[in-house]
Amino acid sequence: MPDKKIAFPLVVEPFQEDVTGHLSWANLGNIILRCASLHAEAHGFGYTYMQTHQRGWVLSRLVLDLEAMPATAEHFSVTTWVSRIFRQFTDRNFTITGSDGCTYGHGISTWALIDYATRQPVNLETLPEGGFHRAMLDEVPPIATYGRARCKSTEPVATRDCRFSDLDINGHVNSIRYIDMALDLFPLEWHREHTVRRIELAYGLEGHAGDHLELYKEALPATDDAQQRFAVEIRRPADNATLVRIIVALN
């Protein structure tokens, strides 16, 4: 049986960095989701198995909390494991480590398993053969879990339409694409002067091609862990739906 925690060796490729010369937040998001998929496949509850049972994993929440990002050409690793099941949801965790053993940061994600026929979440505690309990590890990253801040702004700061490049294999807006949408609300000079250390995403309804979106942003009070925080919400006015709530925090 594979180890409960699996570390995947990686390197920051020249096309994966942002303007600062470090791995971009969106590329980090795509990398950790790929590592999650590989870990699940290794333990027998990944994409291949779920497709044969007409089920699929859906990301519900995601927190990425890093003190620093690896730079271009730097080797690093992403370690991932599953820590708990609570009825219709399961937590998967991540640790991002440098080649010298330094810890860049951690991530926490929450997933639901959706039945394609009913479009309803599956009770993970009733999966046959114990589901994936045998792969679980009672260990959580040393970072804060999800916050509850909401964006109360009533005036959008930007609008955009969902297009081909926003979509994933299911025809929905890619869950990581929303990170770029949020960070694009801050101008280049702001990014040159500030360093984002933490991003939280709470997903709602799915976006589709042609959807017209409104993006809202509001500054939040500072906390002991973050000198500056911003709440971002991406809404679809056609049906008054919130697609995702995001918190962007600086140390």
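The model is predicted, so local features need pLDDT of at least 70, side-chain atom pairs count only at pLDDT 80 or more, and totals for chains, interfaces and linings use all residues. Residues are numbered from 1 along each chain as its sequence is written, and side-chain values use heavy atoms, with hydrogens and water left out.

Let's start with Thr79, which sits in strand β3 (residues 75-86); strands are DSSP E runs of at least two residues and helices H or I runs of at least four, numbered from the N terminus. Thr79 is buried because its relative accessible area is 14%, and buried means under 20% (1.4 Å probe, protein chains only). Beyond its neighbours within four places in sequence, Thr79 is in contact with residues including Lys5, Asn93 and Phe94, where contact means heavy atoms within 4.5 Å.

Thr97 is in strand β4 (residues 89-98). At 17% relative accessibility, Thr97 counts as buried too. Setting aside neighbours within four places, its contacts are Phe76, Ser77, Cys102, Thr103 and Tyr104.

Now for the pockets. A pocket is an open set of points on a 1 Å grid over the protein atoms alone, where a 1.4 Å probe fits, with protein on both sides within 12 Å along at least five of seven lines; lining residues have an atom within 4 Å of a point. Of the 43 residues lining the largest pocket, Trp57, Val58, Leu59, Trp111 and Asn170 are the closest to its centre.

In the second largest pocket, helix α4 (188-193) gives the most to the lining, with 4 residues.

How values were computed: Buried means under 20% relative accessible area, exposed over 50%, partly exposed in between (1.4 Å probe, protein chains only).
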